[in-house]
Each structure stands twice: as structure tokens, then as C-alpha cells.
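Thanks for coming, everyone. Let me put the model up, and then I'll walk through it piece by piece.

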Amino acid sequence: MTHRTAVQALIVLATALTASGAALAQATTDAAAPAAAPAPNLTGNVSITTNYKFRGQDQDMIGKNNYAKTKGFKPAIQGGLDYAFGDSGFYVGNWNSSVNWLQGNSIEMDVYGGYKFKAGPLDMDVGALSYIYPGNSAGNTTELYVGATYADETLGSFTAKYSHTVSKDYFGYAGNKAGSGLKGTNTGYLNLSYSKEIVPKVTLKAAVGYTNMSSDIRSLGYKSYVDYNVGASYDFGNGLSLTGSVQGANKKSSYVAVANPGIDLGFGPFGQTTYSPNKARFILTLTKTL
């Protein structure tokens with residue numbers, strides 16, 4: 001799938017989301033407003049971001065002549081739909097983004113489903129998620145997850161979420177699809193996040209995550225690492241928000257790609273430069289929820 005095709009597909013999705021949002025709004029206007037309107041079963045979102053990072057790592061890496069892109073501005077278009085089965089707690093969803101880190105592929109398609117429930121003061125969430133790359137299945141990854149959120153009007157919202165890889169590989173790092181015999185299974189990811197409205201319409205957001213690579217992946221030199229995300233969002237109303245954040249990760253030297261091959265003088269490359277997808281970047285994301 002070409003990058004242009006992927007972007008066109010996501011633009012179609014964004015158009016569909018806008019249309020569905022308008023239809024939902026019209027239905028609400030036409031119907032008599034109940035005292036406490038239930039949350040809609042179908043919700044959607046569409047975003048434009050200056051750089052899509054996943055767990056601190058750039059998702060747009062392939063540049064000219066297949067060397068790594070070093071610029072910070074790597075725009076992506078994203079969007080998804082979620083469906084809740086009434087008040088049962090069960091839900092399914094799909095989220096998509098343009099990406100550029102796998103040869104022959106330019107779109108990430110996430111398919112997930114789970115169950116949300118209350119456990120005392122905690123809002124619990126358990127489920128499964130598959131990351132699918134239609135043009136190159138080497139990146140396909142499936143995880144099981146469990147999350148818990150504690151929300152307090154004064155203190156803010158605290159969330160802890162753990163994801164556990166059950167697929168044979170973890171985003172292609174083990175090279176299992178290519179026949180390496182190594183596995184990414186049992187790679188774990190723990191994320192702790194916090195959010196609080198600090199002034200009207202402005203919400204502070206912060207998160208830190210830890211990726212514990214499988215022993216097979218670590219044997220290839222990829223170290224387990226910590227990622228971070230700190231920023232704030234502004235709510236314009238009507239589901240439109242703008243978020244600015246600094247995102248990145250440590251262990252940069254364990255995740256590098258050649259950005260400029262330099263010149264081979266017979267005793268090694270001269271002038272070669274590298275780039276790490278873990279490099280910290282300031283990112284702006286405009287989101288519309290429907």
C-alpha cells in the first residue's frame with residue numbers, strides 16, 4: 001500500500017467520522033432531550049499530528065534512498081471508531097494512522113476489544129489489541145492489556161496500564177517473520193499517566209512508560225527503555241482540542257539508523273551520521289472527537 005493510498009484512506013475515514021458526527025448531532029436535536037442522555041454507543045475521533053511517536057519512538061523513519069529521516073516535522077493523519085455494547089461494559093474499536101517505518105507499508109491499523117468495569121474506586125479495563133501493518137506483516141503485534149484509573153476532582157486522574165505481548169514478534173524487532181528463530185513474545189510495557197485540568201479548558205498531561213524487551217530481542221542489542229510524554233491540551237469546545245507535548249525515550253544509542261552513509265574510503269565510512277527514533281521532540285496534535 002503506497003503512502004498516498006494510506007493517507008487517502010484515512011481522509012475518507014475522517015470524512016465518514018465527520019458525517020456520522022453530524023448525523024448524531026441531528027438525531028439529538030430532533031429527539032426530545034431526556035433528563036440524562038446516555039452516552040452514544042458509537043464514537044469517533046480524527047487527528048492531525050506533527051509527529052507520531054509510539055512509546056517514545058518515531059513512526060516515520062524511512063526517508064530518501066531508504067535512509068533515516070532526521071527532521072522533527074513528520075506529519076501523520078489518524079482516526080478511529082469505538083463501539084460500546086450498551087451498559088454491558090464490553091467494547092470494540094479500530095484506530096488507524098499513517099506510518100513509514102516498514103518497507104512496503106504506510107498504514108497502522110489497530111483492532112481491539114475489551115471489558116470495562118468498576119472495582120471499588122477504580123475504573124478497570126481489560127482487553128486485547130492487534131497492531132496490523134497491511135503492506136508488511138513483519139510488524140504485526142498482538143498484546144493483552146489491563147488498566148486501572150483512579151479519578152478525583154481535586155487530585156486529578158491517575159492511570160496504570162500494563163500490556164503483554166502474545167504474538168511471536170514485537171513490532172519486528174526479533175525478526176521472527178524473516179526466520180530468525182527469535183521471539184518477541186512476553187515483551188511487556190507498563191505505562192503510568194496523570195491528567196488534571198489546571199485552569200478552565202487547559203489540562204496538564206504527563207506519562208512515563210517502560211518497555212521490557214523479551215530476552216531474544218535483548219540478545220540482538222536492543223535494550224529495555226523508558227519513554228516519557230509531558231504536555232498540555234486546550235479544549236476549544238465541540239470536541240476540538242489542541243495538545244502540545246514533549247515526547248521521547250532514553251537508550252538512544254540502542255536504537256539507531258543510518259541517516260547519511262558518508263563516503264567509504266576503504267577503511268570505514270567517513271562522514272556517516274545516524275539518527276535515533278527515541279530523540280525527544282515537541283509535538284502538536286489537533287483532535288476532533290465525535
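Twelve strands make a closed barrel here, in the order β1-β4-β5-β6-β7-β8-β9-β10-β11-β12-β13-β18, with antiparallel pairing. From one strand to the next, the twist averages 20°. On terms: strands are DSSP runs of E with at least two residues, helices are runs of H or I with at least four, and both are numbered from the N terminus. Two strands count as paired if DSSP finds at least two bridges between them. For angles, axes are lines fitted to C-alpha atoms, for helices over the stretch in contact, and the range is 0 to 180 degrees between N-to-C directions.

Now the ground rules. This is a predicted model, where local features need pLDDT of at least 70 and side-chain atom pairs count only at pLDDT 80 or more, while totals for chains, interfaces and linings use all residues. Residues are numbered from 1 along each chain as its sequence is written, and side-chain values use heavy atoms, with hydrogens and water left out.

The whole chain next. It has two helices and 18 strands. There are 290 residues, and 37% of them are buried. Buried means under 20% relative accessible area, exposed means over 50%, and partly exposed is in between, with a 1.4 Å probe and protein chains only. The chain exposes about 15500 Å², with 62% of that from carbon and sulfur atoms. Those areas come from the Shrake-Rupley method with a 1.4 Å probe, and for residues only the protein chains shown count as cover. Take contacts between residues at least 6 apart in sequence: 55% of them join residues at least 24 apart. A contact is heavy atoms within 4.5 Å.

β4, residues 76-84, runs antiparallel to β5, residues 90-98, with seven bridges. Tyrosine 83 has valine 92 in β5 as its bridge partner. The two strands form a hairpin with five residues between them, and glycine 86 in that turn has a positive phi of about 60°. β5 then joins β6 through nine bridges, antiparallel again. Glycine 93 sits opposite tyrosine 112 in β6. On to β6, residues 107-119, and β7, residues 122-132: eleven bridges, antiparallel. Tyrosine 112 turns up here too, opposite leucine 129 in β7.

What about the core? The largest nonpolar core has 21 residues, and Phe171, Tyr173 and Met213 touch the most other members. The elements giving it two or more residues are β5 and β7. A nonpolar core is a set of buried Ala, Val, Leu, Ile, Met, Phe, Trp, Tyr and Cys residues joined through side-chain atoms within 4.5 Å. Beyond its neighbours within four places in sequence, tyrosine 173 contacts Gln57, Met213, Ile217, Leu220, Tyr222 and Tyr255.

Phenylalanine 171 lies in the loop between β9, residues 156-165, and β10, residues 188-199. Its phi is near 50°, positive in a residue other than glycine. Its relative accessible area is 8%, so phenylalanine 171 counts as buried.

Is threonine 187 buried or exposed? It is buried, at 1% relative accessible area. Its side chain reaches the backbone nitrogen of serine 214 at 3.1 Å. A polar contact is a pair of N or O atoms within 3.5 Å; within protein, one must be able to donate a hydrogen and the other to accept it, and residues adjacent in sequence count only if both atoms are side-chain atoms.

Last stop: the loop between β17, residues 273-275, and β18, residues 281-289, where we find proline 277. Proline 277 is buried, at 10% relative accessibility. It is 21 residues from valine 256 in sequence, and 7.0 Å in space, C-alpha to C-alpha. Asparagine 278 is in the loop between β17 and β18 as well. Its relative accessible area is 0%, so asparagine 278 is buried. A polar atom of its side chain lies 2.9 Å from the backbone oxygen of asparagine 250.
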